[in-house]
Amino acid sequence: MRLVDDDAGIEIDDEFPCGSAGQMRITTDGRYEIGYQPEEIPQWFQDLLDELFDGAGVPKEYMAHVRVRNSGDAPRRAKLRFLLSRKGSNYMYPPWWVWREDTGWAWLPPEDEDYHEHEYMDAQVDILPGEAVRIASAPYETPDTVFEKARRLAEGSDIWTCREIGTSAQGRPLPALESPPRELKLLVDATMQSCEPVSWGIMHVAHWLTIPTARAQRLLENVQFCLMPMMNPDGVFVGHSVTNAVGEVPKFGINNLVEGRGAARETEALWKYLLDTRPDAAIEVHAHFTRDGFTRSIGMHDKDALPRHLREKGAVIEAAIAENYHVHPLENRRVLIDPREPELNVYGDRYVSEHAGTIRTFLQAVPDSIESHCADVREMTETIANALISWKT
């Protein structure tokens, strides 16, 4: 999609990797109105949302990412209005992000953004002559960039190896960084909801573990870390929220896969990896913006719903999460995924615990800056790793 304003010398498009926009137009108040990219979901998934979540459940159409170019000979202040979908609006709170070649990603100043719940998000940005900037709902990285970061880290480190655990529907690699084998194993994987970029935090963990400290050495001596920084690269590349490039929903496919109804290639790759590696625990990392006062979610598979031989380990992990995240006056939302409840069984966690022996946890990581997000993912990783060591000893 492309919009050209010849009078102002402004061009707006989403024709680049990770771009995401719908229809665009110039409004009477001098703003550039940008619609969201429509995203179709499979009928089976819509039926599931209707049955279990009264049609709500997982939102979509909350990825926005455009490029704005000033082709004129004077500085311009571009005023953009991003329209919000009914399902995705609650995930589109500020801060929003702007990319400049000389500074990388940074959030817009509060005075340059104005969020109207369920309606639109206004953003203003100053652009120099000949400059192009990108404005997005999150700091997106291309799949090629993430894979190259993982590959280079492994090449320059005696701790990590990098391998492909499979490929996406369009043939993009699904990278996994692995530290040396240990009896205890911890998987840290990116959510397959592609509009929530968490590669920053997961790669931060990988670099942190290369630092020669006693803390890192103790963790690496006791735990094998398996890190997956991007698990829906096609969805990221085409600017989707929950689907891949061919309209499948990878995150919610484990039940279908195990029960013989088929699933996305990304889901198949993750499932095979779980069965082959059998991690003791896994952390699914999320990141999305929420309104002021909305507490972030940290949780795990309900220990009472685990197979009996996993409950002792589950109790230790649950206690570690509670002690680190749910102590007064901390305001984090404690969530237990219980597959005995129909609406919570859609995540496939029952099969993960029963077939792979893995206790799933998740983190809705702080996304207010790349730096805070990275610190938050590291904190959760160390919390669960230490819990596993405590359980084993």
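A residue is called buried when its relative accessible area is under 20%, exposed when it is over 50%, and partly exposed in between, with a 1.4 Å probe and protein chains only. The model is predicted, so local features need pLDDT of at least 70 and side-chain atom pairs count only at pLDDT 80 or more, whereas totals for chains, interfaces and linings use all residues. Residues are numbered from 1 along each chain as its sequence is written, and side-chain values use heavy atoms, with hydrogens and water left out. Helices (H or I, at least four residues) and strands (E, at least two) are DSSP runs numbered from the N terminus.

Helix H2 comprises residues 143-155. On its face turned away from the buried side lie the exposed residues Asp144, Arg152 and Glu155. Its buried residues are Pro143, Val146, Phe147, Ala150, Leu153 and Ala154. Viewed down the axis of H2, these fall within an arc of 130 degrees, and therefore line one face of the helix; the arc is that of the directions from the helix axis to the C-beta atoms. The buried residues of H2 pack against strand E12 (161-167), E13, helix H3 (199-208) and helix H5 (233-238), contact meaning heavy atoms within 4.5 Å.

Strand E13 (residues 173-178) leads on to E15, with which it pairs in the antiparallel sense over 2 bridges; pairing requires at least two DSSP bridges between two strands. Leu177 stands opposite Leu227 in E15. Strand E14 (residues 184-190) runs parallel to E15 and is joined to it by 6 bridges. Strand E15 (residues 223-228) is largely enclosed by the rest of the structure, because 6 of its 6 residues are buried.

Definitions and conventions: The expected span of a helix is 1.5 Å times one less than its number of residues.
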